[in-house]
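I opened the model to look up a few local features and write down what I found. The entries follow in the order I made them.

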Amino acid sequence: MIRNTVPVGKIVLLVVLLLVGLTVLGCVGIKSSPEGGSGGTIADGTIFLSPSVKQPGGLGCTPAAVDSKLVALSAAEGTRFWEVPLEGSRSGGGFGCQSSDTPAAIYGSPAVSGELVYIGGYNGKIYAINIDSGALRWVYPREGNLQPIIGGVTIALDRVYFGDADGKVYALDAANGDKQWEFTIGDKIWATPAVSGDRLYIGSFDKKLYALSAIDGTKQWEFVAEGAIVSTPLFYNDMVYIGSFDRYFYALDAASGNLKWKFLAEKWFWTKAVAYNNTIYAGCFDGKVYALGAENGEELAALDLESPVYSWPVLVDGRVIFATEEGTIYAIDTAVNQATLLADIEEAIYAPLSAEGGVIYIYSHEQNLHALNAVSGVSLWSLTIK
Amino acid sequence: MGIGDIWNLIAMQPMINTLIVLTHYLFNNFGLTIIVLTLIVNGVIFPLTLKQVRASKAMQDLQPKIAELQKKYAKDKEKLAREQMKLFKESGVSPAGCLLPLLVQMPIWIALYQSIMRVLAVVPENLVGLSQYLYSWPIVYSTLPLENNFLWLNLARGDIFLALLVGGTMWVQQKMVMSPTADPKQQTQSSMMLWMMPIFFAYLTLSFPSGLALFWVTSNLFRIGMQYFIGGWGGLVKSESKKPAGRDKKYKERIAKVEEFPKLDEFPKLEEFPEGDADIVVPGSTQEEGSSYEESGDKRPDRGGGYTKSIRATKRQPKRGRGHRRKRG
């Protein structure tokens, strides 16, 4: 027996609420606000780290990262020396998922040279900060912002090199931040440049790897891949090694840009490779680290780490340390090309690893800085850095 | 395998890879791809949308009758429910007909716009996340990341003009399906819906990437076109501009028949019938006489003959007071 009426108005209202609810819920898990993913950089017993300061976002949306800061910590026990805020355009996450202004989320790791530490932000600013006091030495540009800087900065030849999402490569005077040259590529740059000798190598969304003069920015050569390049090139034995979104790992002649060999994996290459003893170790999104012969690209080993490799590896005493997105840390014995599980921090790892004095430093996506013994994997200390 | 994995496997992965491949063949123009894929998806689920629109329209056409019943049986909810159900049955309208197609379509829409958001890869986190959805087709890998520029738009950012377009098209679409009503309560509700939803979605559009707004605008325009062919401009203009066609005509005819049925208080009173003259009753009269269907042994008081059948000869057997069975002779 029917006991209730059929409330047509309520049905319509229910449908509308359902639509609105699902619309909002539909954006769950999709980030449109940058959160940052910077790792630590170590210099003389001090770790420089740029955590994002996350602000609550709108309903059903990922928190929006609107600010960041640079923190200097003791590498020995993690005590904080100083911290300085890095300015970002103030904005809320909004009811949707995207904030209208530019947050200062940091993706590239800081770079240290002399008495300054340099860092670039998603807000399109480059900061130079005194490593002892945390005082700001200069900021570029002084007025306004560039397009988002997602790759890190590279310091060489007394210059600061970086690329931005507007497709421009910049060289600044490391001492005062004055622009020395810029080179326009025309498509987004998310990669950190690499400098070897007087040559700068940088990849772009336009599927090309560029070799530029680090002195004046003139183009030396370009190599066309089949997919976008966001990883940082590796210079080793007069060769340049780079992975691409087309799933190929390329080896190029550093002088001419000619292709020497290429290796096909199952998914993207995002992270920088490491070279040791004439072998290239390249982490891939297919969850494997490929050990390839530096000369001919021969696959020496495909080490299955069972989770995508995103963060930059480090080389510690003849062992290559890789971290996976799932939070497992593996040590690869380069003598036999075998991987052993060193630790499992059970937190997502995107940030580059860093190491000094037999200790590995890992900054997780959950904003915890872990210090692990590089040989045993034992946790030395762990701190939340927000 | 969790529900998220199943969702990714059957909805997200096909949609994302289709978007990327389509972009490759549409001159690497992601804006054009959004428009084309939205139209394709709209075309695929067209029968469901059509069913839903027709059911909603028929439901709205019934509103005056429903309001009348609600007024009549304001104090007897049980009776009201039965009468409403009967009305729906007579007119061939199912309240579920409005909801079910919508519920079936929702996952498709969610998958489509989640895919658009993911493929846009506004921030590095998105691009990293996108990799897990990709098929191992070379074309997919060589096409990514997609170009975000389309016309004057950066598809990864909100756009004020597109926000206005989303709000405007949504308003037009809603206005077209809106039927005039005499009930002030319903009128207020309709009016609120007419303005609140477009404003809400326009606001959302400003804070979402405009690629998603492009999808909304295309969908709205498709539905406006569809509704025009079904019922003309509807509530957008005061006069009827188009004749109902096909199935809608049938709905209208059935509703019209229902409307021919005299109001309940216009029926002759019991005493006016001669004793033992006939055995056909006014539908719904059983409850008034304090007898349930179960008691009478009748599982279905009405087998679909409805009001129109009943009014041909509405006489009853006063003493028995049930009258669900016909007696011949």
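**Chain B, overview**

I counted elements in chain B and got 15 helices and 2 strands; helices (H or I, at least four residues) and strands (E, at least two) are DSSP runs, numbered from the N terminus. The model is predicted, so I took local features only at pLDDT of at least 70 and side-chain atom pairs only at pLDDT 80 or more, while totals for chains, interfaces and linings use all residues. Residues are numbered from 1 along each chain as its sequence is written, and chains are lettered from A and ligands numbered from 1 in the order in which they are written.

I find that 35% of the 329 residues of chain B count as buried. A residue is buried if 20 or more other C-beta atoms lie within 10 Å of its own, exposed if 12 or fewer, and partly exposed in between, with C-beta atoms placed from the backbone. Among the contacts in chain B with a separation of 6 or more, I note that 78% come from residues 24 or more positions apart. Two residues are in contact if their C-beta atoms, placed from the backbone, lie within 7 Å.

I looked at α2 of chain B, residues 30-44, and found 15 residues reaching 21 Å from first C-alpha to last, close to the 21 Å expected; the expected span is 1.5 Å times one less than the number of residues. I list its buried residues as Phe30(B), Gly31(B), Thr33(B), Ile34(B), Leu37(B), Thr38(B), Val41(B) and Asn42(B). They lie on the same side of α2(B), because they cover an arc of only 160° around the axis; the arc is that of the directions from the helix axis to the C-beta atoms.

How do the axes of α1(B) and α2(B) cross? I find that the axis of α1 (residues 3-25) comes within 9 Å of that of α2(B), at roughly 120°. Axes are lines fitted to C-alpha atoms, for helices over the stretch in contact, and angles run from 0 to 180 degrees between N-to-C directions. The two helices are therefore oblique to each other; angles under 35 degrees count as roughly parallel, over 145 as roughly antiparallel, 65 to 115 as roughly perpendicular and the rest as oblique. From α1(B), Thr18(B), Leu19(B), Leu22(B) and Thr23(B) make the contact, and from α2(B), Phe30(B), Thr33(B), Val36(B) and Leu37(B).

**Two buried residues in chain A**

I placed Phe322(A) in strand β27, residues 319-323. Phe322(A) is buried, with 25 other C-beta atoms within 10 Å. Not counting residues up to four places away in sequence, I see Phe322(A) touching Gly283(A), Val289(A), Leu305(A), Val309(A), Pro313(A), Tyr330(A) and Ile332(A).

I found Leu303(A) in strand β25, residues 299-304. Leu303(A) is buried too, with 21 other C-beta atoms within 10 Å. Its contacts beyond four places in sequence include Val289(A) and Ile332(A).

Most residues other than glycine have a negative phi, and most peptide bonds are trans. I noted a cis bond between Tyr140(A) and Pro141(A), with omega about -10°, and a cis bond from Leu144(B) to Pro145(B), with omega near -15°.

I also noted Asp317(A), where phi is near 50°, a positive value. Asp317(A) is exposed, with 11 other C-beta atoms within 10 Å. Leu151(B) has a positive phi near 50° and sits in the loop between β1 and β2 (153-154) of chain B.
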